[in-house]
Amino acid sequence: MKNTIRIYFALLLFPFYIFSQEKAKDSVIDKPERPAFESSFIIDNPNNVLFSKNTLEVQMSHRFGLIDGGNNDMLGFWGPSNIRIGVAYAIHERLTLGFGTTKFDRLQDFNWKVGIINQTRSGRIPVSVSYYGNFTIDARKKENFSLDQYRYSYFNQLIIARRFSPKLSMQLAPSISHFNLVEDRMRNDVIGIAFGGRYKISDQTSILWDYSQPFTHHLNGERLAIDPEPGISLGFEFATSAHAFQLFITNMNGIVPQQNYIKNTNDFFRGQILFGFNITRNYNF
């Protein structure tokens, strides 16, 4: 009789055992996918990387002068260069706040990145979606502006990224850039889209590419000399657990994204390209 009762109890508890096993299995499979990229930028565009809470990322970006600047400036190394130094701090697993200062136009940018959806290892969620935005102040002297509002510009971008394999990651990023003050006949808002990616060729070395396409349209169909050119960037990334060093060629020298989407007039296919690098270092607290 006792054995019969034990068998009944075992049969009653069996479904709960199976359920608990399946739940544990699902929780392992549905972990968030590993980061698609090593640092928070693919050359000229933000990517979807968000660091763990209380991580500080220190950023330094440098763009040399044009390689064919025509002034005997040694491939642009002696030419006018643009520099940005910034920091970004993760106050939450899904929220990072940052600040940077840039040499050209003395731009001061306040930026934020929000994680919306995480790609899962099971493939149940195939992509990660993040939002990046900034508010930027042109800090040049006041005689350059008739109104203080003309100093301000904004950038908003939705980042859709996928880690296809340990080696290959790519992203698509539609954006809208806004300047309160632009040249005559230019629009204050420009919609753009970026396509970028990374392919690892060794544990610490990757090939990077980044393409940025601004969309401009004038009512009479005329094209202006100051219309922005598409941005093309190709390079390498050398990364360790806390460092990332990107070395590349590009036709954009703006560093702050809306500068590139609205004001870049360098044409990659006319040889108007330059060398640049990005360095990041992470600190965990």
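Arg63 and Asp44 are both buried, and in this predicted model their side chains form a salt bridge whose closest N and O atoms lie 3.1 Å apart. The pair joins distant parts of the chain, with Arg63 in strand β3 (residues 55-66) and Asp44 in the loop between β1 and β2 (45-46), 19 residues apart. Side chains of opposite charge can pair when their charged atoms come close, and the count for this structure comes to 10 salt bridges.

**Other salt bridges**

- Asp30 forms a salt bridge with Arg124, the closest N and O atoms being 2.9 Å apart; this pair links distant parts of the chain, since Asp30 sits in the loop between α1 (2-29) and β1 (41-42) and Arg124 in the loop between β6 (107-117) and β7 (128-138), 94 residues apart.
- Asp30 counts as partly exposed because its relative accessibility is 26%, whereas Arg124, with a relative accessible area of 55%, is exposed.
- Asp267 and Arg270 meet through their side chains in a salt bridge, with an N to O distance of 3.7 Å.
- Asp267 has a relative accessibility of 16% and therefore counts as buried, while Arg270 is exposed, with a relative accessible area of 70%.
- Glu38, Arg198 and Lys200 are linked in a network of salt bridges.

- Thr205 lies in strand β11, which covers residues 205-215, and is buried because its relative accessible area of 16% falls under the 20% cut-off.
- Leaving aside residues up to four places away in sequence, Thr205 touches Tyr199, Lys200, Glu237 and Phe238; of these, Lys200 also belongs to the salt-bridge network with Glu38 and Arg198.

Terms used. Residues numbered from 1 in each chain as written. Predicted model: local features only at pLDDT ≥ 70, side-chain atom pairs only at ≥ 80, totals over all residues. Heavy atoms only, no water. Helix = DSSP H or I, 4+ residues; strand = E, 2+ residues; numbered from the N terminus. Buried < 20%, exposed > 50% of the residue type's maximum accessible area, 1.4 Å probe, protein only. Contact = heavy atoms within 4.5 Å. Salt bridge = Lys/Arg side-chain N within 4 Å of Asp/Glu carboxyl O.
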